[in-house]
Amino acid sequence: MKYNTLLSAFLLFFSMQIFGQVYTEKIVGEKNQQLKDSLAIEKYPYALPIWGEKVAQKGYKLPYSAGLSINYFWQDSDIIIKDLEVGFNNGPLYNLDEIVRFDKSSVVTSSVTIRPDVWLLPFLNVYGIFGQSKTTTKINAGIWIPDADNNWTQITSINSSANFDATTFGFGMTPTIGIGGGWLALDMNMAWTDISSLDKPAFSYIFGPRLGKTFKLRKPDRNIALWVGGFRVHISGDTNGTISLGDVLNLEDAEQKVNNGLDKVAENQTKVDTWWNGLTPAQQNNPANVAKHNTADRALTSAGTFLTTLDGALSTAESSTVQYSLHKAPKDMWNFIVGSQFQYSKHIMFRVEAGFLGTRTQVLGGLQYRFGL
């Protein structure tokens with residue numbers, strides 16, 4: 001089986017933190033007194049940010065008020081899936097949470113994102129997000145059933161991967177402040193990822209605090225910034241959609257796997273019935289035995305009903321569809337990030353960033369162009 005499309009909502013959830021590291025900086029120190037004095041008397045030439053001239057005259061150095069960034073992002077992230085329900089050809093959905101176990105599910109994403117931004121206020125940057133991405137979802141799972149002794153065994157495995165395309169759009173803001181080259185930025189954004197297999201675009205929220213230091217180089221307005229921070233992601237947990245049966249199953253061996261699974265379910269059901277019928281009335285009234293029998297009977301019925309319905313859908317596999325519902329979440333909400341930016345001039349910046357620790361690894365590279373507005 002391939003549950004890849006069930007997870008495709010994840011393909012751009014973690015790729016949206018693309019803030020270009022510029023900020024409004026308080027000029028301090030005796031060696032910068034001349035710059036501070038010039039800011040106090042110089043007329044600010046742009047309409048944005050609001051109160052830009054007043055802030056500049058108080059000794060703050062402002063970046064150009066508008067910018068355009070292009071970024072490339074790659075990420076590998078583990079996810080957790082539960083509350084899985086699957087149905088065929090618009091029939092009833094079957095809850096498979098008890099019999100399907102996911103060993104490891106992950107999403108590998110590469111994306112190109114464009115971000116226009118403006119400094120609305122001297123210490124607040126707002127931006128839009130427009131992105132295209134490709135993703136590979138990787139699934140390792142299996143269908144498990146119990147026997148009469150409540151020992152669970154795997155009757156079939158799910159090891160698959162598939163590729164998908166998606167479009168993302170959203171917006172964000174970054175409150176930030178800098179003093180004497182040191183700075184703090186609190187990047188946050190909301191994004192919606194549109195994928196054809198989903199009933200509606202999937203929502204995500206990203207929060208990324210950073211603490212950094214900018215080091216001036218010899219040429220005016222040329223510098224290197226270094227920072228550390230965190231990356232936290234929250235996503236809309238519930239996903240519903242419809243996909244082709246051929247995208248869910250490897251049709252070459254699906255029928256054989258279904259038949260083998262049905263044979264194993266029937267075998268275990270016979271064992272459970274034999275064990276239960278061999279108990280005395282007193283033993284059948286024992287709460288422990290009742291719980292064991294009910295659990296085994298429920299799981300075997302669920303597996304048998306699902307596999308039988310799937311077997312019927314395979315007879316018209318080319319035209320059959322799969323309906324699904326699930327709840328998903330990142331395995332780890334947070335990971336650690338480090339980054340650097342080379343500012344060639346107040347107009348042009350190059351940026352790299354890496355995220356690691358936990359179960360999410362990511363790399364970002366970007367180019368930014370800024371201008372007055």
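1. R115 and D117 are both buried (buried means under 20% relative accessible area, exposed over 50%, partly exposed in between, with a 1.4 Å probe and protein chains only). The two residues form a salt bridge, with 2.9 Å between the closest N and O atoms; the term requires a side-chain nitrogen of Lys or Arg within 4 Å of a carboxyl oxygen of Asp or Glu. R115 also lies over the face of Y127, at 4.7 Å from the ring centre (for a charge over a ring, NZ of Lys or CZ of Arg is within 6 Å of the ring centre and within 35 degrees of the ring normal).

2. This is a predicted model, in which local features need pLDDT of at least 70, side-chain atom pairs count only at pLDDT 80 or more, and totals for chains, interfaces and linings use all residues. Residues are numbered from 1 along each chain as its sequence is written, and side-chain values use heavy atoms, with hydrogens and water left out. The mean pLDDT of the protein is 83, and 86% of its residues reach 70 or more (pLDDT is the predictor's confidence in each residue, from 0 to 100). Over residues 1-18 pLDDT stays under 50, and the model has 115 contacts beyond four places in sequence for this stretch (contact means heavy atoms within 4.5 Å).

3. The salt bridge count is nine. One of them pairs D165 with K134, the closest N and O atoms being 3.1 Å apart. This pair links distant parts of the chain, with D165 in strand 7 and K134 in strand 6 (residues 124-146), 31 residues apart. D165 and K134 are both exposed. Helices (H or I, at least four residues) and strands (E, at least two) are DSSP runs, numbered from the N terminus.

4. Helix 4 (residues 251-277) has 27 residues, which should span 39 Å at 1.5 Å a residue, and its end C-alpha atoms are 39 Å apart, in agreement. The expected span is 1.5 Å times one less than the number of residues. Among the buried residues of helix 4 are A254, V258, G261 and W276. E267 forms a salt bridge with K271, at 3.4 Å between the closest N and O atoms. E267 is partly exposed at 38% relative accessibility, and K271 is partly exposed at 41%. Elsewhere, salt bridges that share partners join R115, D117 and R370 into one network.

5. There are 12 aromatic pairs, where rings of Phe, Tyr and Trp (its six-membered ring) pair if their centres lie within 6.5 Å; planes under 30 degrees apart count as stacked, over 60 as edge-to-face and the rest as tilted. F169 and W192 have ring centres 6.1 Å apart and planes at 15°, so they are stacked. F169 is in strand 7 (residues 152-179) and W192 in strand 8 (residues 182-194), so the pair ties together parts 23 residues apart in sequence. Ring pairs link F169, F171, W192 and F203 into a cluster.

6. Some backbone geometry deserves a look. Most residues other than glycine have a negative phi, and most peptide bonds are trans. L48 and P49 are joined by a cis peptide bond, with omega about 0°; P49 is in the loop between helix 1 (33-41) and helix 2 (52-57). N89, not a glycine, has a positive phi of about 50°. L357, also not a glycine, has a positive phi of about 75° and counts as exposed at 55% relative accessibility.
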